[in-house]
Every structure is written in C-alpha cells, then in structure tokens.
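Please open the model in a viewer and keep a selection panel at hand.

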Amino acid sequence: MRLNATEKRFEIYYNSNGGFMKTVIYLDVLVAVNILVTYIMIVCTRVIVKSNTHKWGVVLAVFFGGVSSLVIFWGSMPLVLSVALKILGVVIISFLAFFPKNKKEILKTTLAFLFVNFLFGGVMYFVELTF
C-alpha cells in the first residue's frame, strides 16, 4: 500500500489468482461518500427514535463519520481494538448528532444508529449479491 500524495489516492496491491491487482482509492471520494452515508443514517435514526437533531451537531457528526473512514488505511489491527474503535465511533456520532440528555437516551440513539448501520449494510450486501 502506498500513498500518492500528489493525486491524493492510495494504491493497494494484492494477489489475485496468482497475479497482482491494483486497487486505487481516492481519499476525497472516500470521505465525501462516507459523509453522505453518515448523514443518511443520522436522518433515518432521527426518524426511528423520533428525536430532534441539532444542525451543528449533525455537521460535526457527519464530518467525524467521513474522517473516521480513513481508519481503513491503518492496516491490520487486533480484532478487539477494531471493534472497540467502531463502537466508540458510533457512540461519538450518536452523541454529536442527538446530544442525549441521559444514559437512556444515549443507549436508545446509539442502538438505533447501530440498527440503521446493520440494515444499510445488509441492503448493500443484498444489492452486491443480486447485481
């Protein structure tokens, strides 16, 4: 894996059936898509929990969601650390977007946001298998 700083992209080489294949990931596209997806998930979560969001909280949450997508370039990490970082990210996004007032609201918004994430992931997996 190497960073081509002038073109703001990562090039990843991996072995595919005896040969090497190059995958290019553009950082700006990765962050922008994750900002959009995080926003859609926050809106869906807001509908599920019937809670208000704060404009600047949502802006901070979607920015955090977009930037946190860059974690994929850290390479391999222990499973426990990976899961802990993902849970922490979900809690931070929920907290920034909804500003829960007590532990019950934190749990409610975080679980709803996780539900939306799993639902979105399942739909994307279905689309990938179908098409």
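Is T110 buried or exposed? T110 is buried, because its relative accessible area is 9%; buried denotes under 20% relative accessible area, exposed over 50%, and partly exposed the range in between (1.4 Å probe, protein chains only).

This is a predicted model, in which local features need pLDDT of at least 70 and side-chain atom pairs count only at pLDDT 80 or more, while totals for chains, interfaces and linings use all residues. Residues are numbered from 1 along each chain as its sequence is written, and side-chain values use heavy atoms, with hydrogens and water left out.

**The whole chain**

Display the protein chain as a cartoon. It holds four helices and three strands, arranged along the sequence as β-β-β-α-α-α-α. Helices (H or I, at least four residues) and strands (E, at least two) are DSSP runs, numbered from the N terminus. Of the 131 residues, 25% are buried. A surface view corresponds to an accessible area of about 9,400 Å², 71% of which belongs to carbon and sulfur atoms; such areas come from the Shrake-Rupley method with a 1.4 Å probe, and for residues only the protein chains shown count as cover.

**Helix α4**

Return to T110, which is found in helix α4. Leaving aside neighbours within four places in sequence, T110 is in contact (heavy atoms within 4.5 Å) with V90, V91 and S94. Next, select the buried residues of α4, namely T109, T110, A112, F113 and V116; their cover includes α1 and α3.

To inspect the start of this helix, select N102 and K104. N102 caps the N-terminal end of α4, with a side-chain oxygen 3.2 Å from the backbone nitrogen of K104. The 28 residues of α4 should span 40 Å, and the end C-alpha atoms are 40 Å apart, which agrees; the expected span is 1.5 Å times one less than the number of residues.

**Helix α1**

Now select α1. Its buried residues are L30, V31, V37, T38, M41, I42, T45 and V49. K50 follows α1 and has a positive phi, near 50°.

Within α1, pick I48, which counts as partly exposed because its relative accessibility is 41%. I48 touches A112, F115 and V116, not counting residues up to four places away in sequence. A distance label between the C-alpha atoms of I48 and A112 reads 7.0 Å, although these residues are 64 apart along the chain.

**The nonpolar core**

Which residues have the most contacts inside the largest nonpolar core? They are I42, A97 and F113, in a core of 14 residues. A nonpolar core is a set of buried Ala, Val, Leu, Ile, Met, Phe, Trp, Tyr and Cys residues joined through side-chain atoms within 4.5 Å. Two or more residues come from each of α1 (27-49), α2 (55-68), α3 (79-98) and α4 (103-130). Centre the view on F113: beyond neighbours within four places in sequence, F113 is in contact with M41, I42, T45, V90, I93 and S94.

**The aromatic pair**

Finally, select F95 and F99. The structure holds one aromatic pair: the ring centres of F95 and F99 are 6.4 Å apart and the planes lie at 75°, so the pair is edge-to-face. Rings of Phe, Tyr and Trp (its six-membered ring) pair if their centres lie within 6.5 Å; planes under 30 degrees apart count as stacked, over 60 as edge-to-face and the rest as tilted. F95, at 40% relative accessibility, is partly exposed, and F99, at 35%, is partly exposed.

Note on methods
A polar contact is a pair of N or O atoms within 3.5 Å; within protein, one must be able to donate a hydrogen and the other to accept it, and residues adjacent in sequence count only if both atoms are side-chain atoms.
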